[in-house]
Amino acid sequence: MKQVYLLTGRPGTGKTSLIKQAVAKMAGKASGFYTEEIRSQGVRQGFRLVTLNGRSTILAHIDIHSQYRVSKYGVDIDGLDRVGVPALHEAAQQCDLVVIDEIGKMELFSANFRETVLQIIDSGKRVLGTIMLSPNPWADAIKRHPQVNLITVTRDNHHQILSKLLDWLRTTESSEL
């Protein structure tokens, strides 16, 4: 059975929500991080990285001046390397499941992040994450990795995917007992 489930799909299809729901219902211990929008008066201003153990940092924002940019957002690679990457290492060492939300354009600017993701996938650890839909040579190689089960999320298949994820988590949890 594959140890890595990566969700992909268009923005707004509920990939992060699926991860949060699956993690909330699993019996084992999970850690890692997810990303969320930063909004002001209904307008997206950027993105925050939040670890499952409660740390957070701004990943990208319209007010960040950086050589790393995605659209109108400057990306804070140092914040990702200081908060997100250590959260992944800790999860890989101490938890049953590593959560990586997401493997996307902003995160891929960090060589530390890319190296950590590869190490975790190659380690055989269980991973639940999201990965960008758009073509990208590095992300596309991850999608083709033999341990990766890539699932495309749409607004119509959300419930079926949650059920599939919960079955996978139960199966892998019971096989580890």
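What share of the 177 residues in the protein do buried residues make up?

1. Extent of burial. The structure under review is a predicted model. In this protein, buried residues make up 50% of the 177 residues. A compact globule with 177 residues would have a radius of gyration near 16 Å, and the protein, at 15 Å, agrees with that value. Along the principal axes, the C-alpha atoms fill a box of roughly 50 × 35 × 30 Å.

2. Secondary structure. The protein contains five helices and nine strands. Their order along the sequence is β-α-β-β-β-β-β-α-β-α-β-α-β-α. Of the contacts with a separation of 6 or more, 66% are between residues 24 or more positions apart.

3. Nonpolar cores. The largest nonpolar core has 31 residues, and those with the most contacts inside it are Ile100, Ile103, Met106 and Phe113. Helix α2 gives the largest share of this core, six residues. Apart from it lies another core, of 19 residues, including Leu18, Ala22, Leu97 and Leu162. As general background, nonpolar side chains in soluble globular proteins tend to be buried together.

4. Isoleucine 103. Which residues does isoleucine 103 contact, leaving aside its neighbours within four places in sequence? They are Leu6, Leu108, Phe113, Val117, Thr130, Ile131, Met132 and Trp138. Isoleucine 103 is also among the residues with the most contacts inside the largest nonpolar core.

5. Leucine 6. This residue lies in strand β1, which spans residues 4-8. Leucine 6 has a relative accessible area of 1%; this is under 20%, so leucine 6 counts as buried. Not counting residues up to four places away in sequence, leucine 6 touches Ile103, Gly129, Thr130, Ile131, Ile142, Val148, Asn149, Leu150 and Ile151. The C-alpha atoms of leucine 6 and valine 117 are separated by 12 Å, although the two residues are 111 residues apart along the chain.

6. Packing of two helices. The axes of helix α2 (residues 77-94) and helix α3 (residues 111-123) come within 10 Å of each other and cross at roughly 10 degrees. Angles under 35 degrees count as roughly parallel, so α2 is roughly parallel to α3. On the α2 side, the contact involves Leu80, Asp81, Val85, Leu88, His89 and Ala92. These meet Asn112, Phe113, Thr116, Gln119 and Ile120 in α3. By type, the residues of this contact divide into six nonpolar, four polar and one charged.

7. Most residues other than glycine have a negative phi, and most peptide bonds are trans. A cis peptide bond, with omega of about 25 degrees, joins aspartate 101 and glutamate 102. Glutamate 102 is found in strand β7, residues 97-103. Glutamine 41 is not a glycine, yet has a positive phi of about 50 degrees. Serine 71, likewise not a glycine, has a positive phi of about 60 degrees.

8. Are glutamine 41 and serine 71 buried or exposed? Glutamine 41, in the loop between β2 (30-40) and β3 (43-51), has 81% relative accessibility; this is over 50%, so glutamine 41 counts as exposed. Serine 71 is in the loop between β5 (69-70) and β6 (73-75). With a relative accessible area of 68%, serine 71 is exposed as well.

Key. Residues are numbered from 1 along each chain as its sequence is written. This is a predicted model: local features need pLDDT of at least 70, side-chain atom pairs count only at pLDDT 80 or more; totals for chains, interfaces and linings use all residues. Side-chain values use heavy atoms; hydrogens and water are left out. Axes are lines fitted to C-alpha atoms, for helices over the stretch in contact, and angles run from 0 to 180 degrees between N-to-C directions. Helices (H or I, at least four residues) and strands (E, at least two) are DSSP runs, numbered from the N terminus. Angles under 35 degrees count as roughly parallel, over 145 as roughly antiparallel, 65 to 115 as roughly perpendicular and the rest as oblique. Contact means heavy atoms within 4.5 Å. Ala, Val, Leu, Ile, Met, Phe, Trp, Tyr, Cys and Pro count as nonpolar, Asp, Glu, Lys and Arg as charged, and the others, Gly among them, as polar. A nonpolar core is a set of buried Ala, Val, Leu, Ile, Met, Phe, Trp, Tyr and Cys residues joined through side-chain atoms within 4.5 Å. Buried means under 20% relative accessible area, exposed over 50%, partly exposed in between (1.4 Å probe, protein chains only). The radius of gyration is taken over C-alpha atoms; the globule rule is 2.2 Å times the number of residues to the power 0.38.
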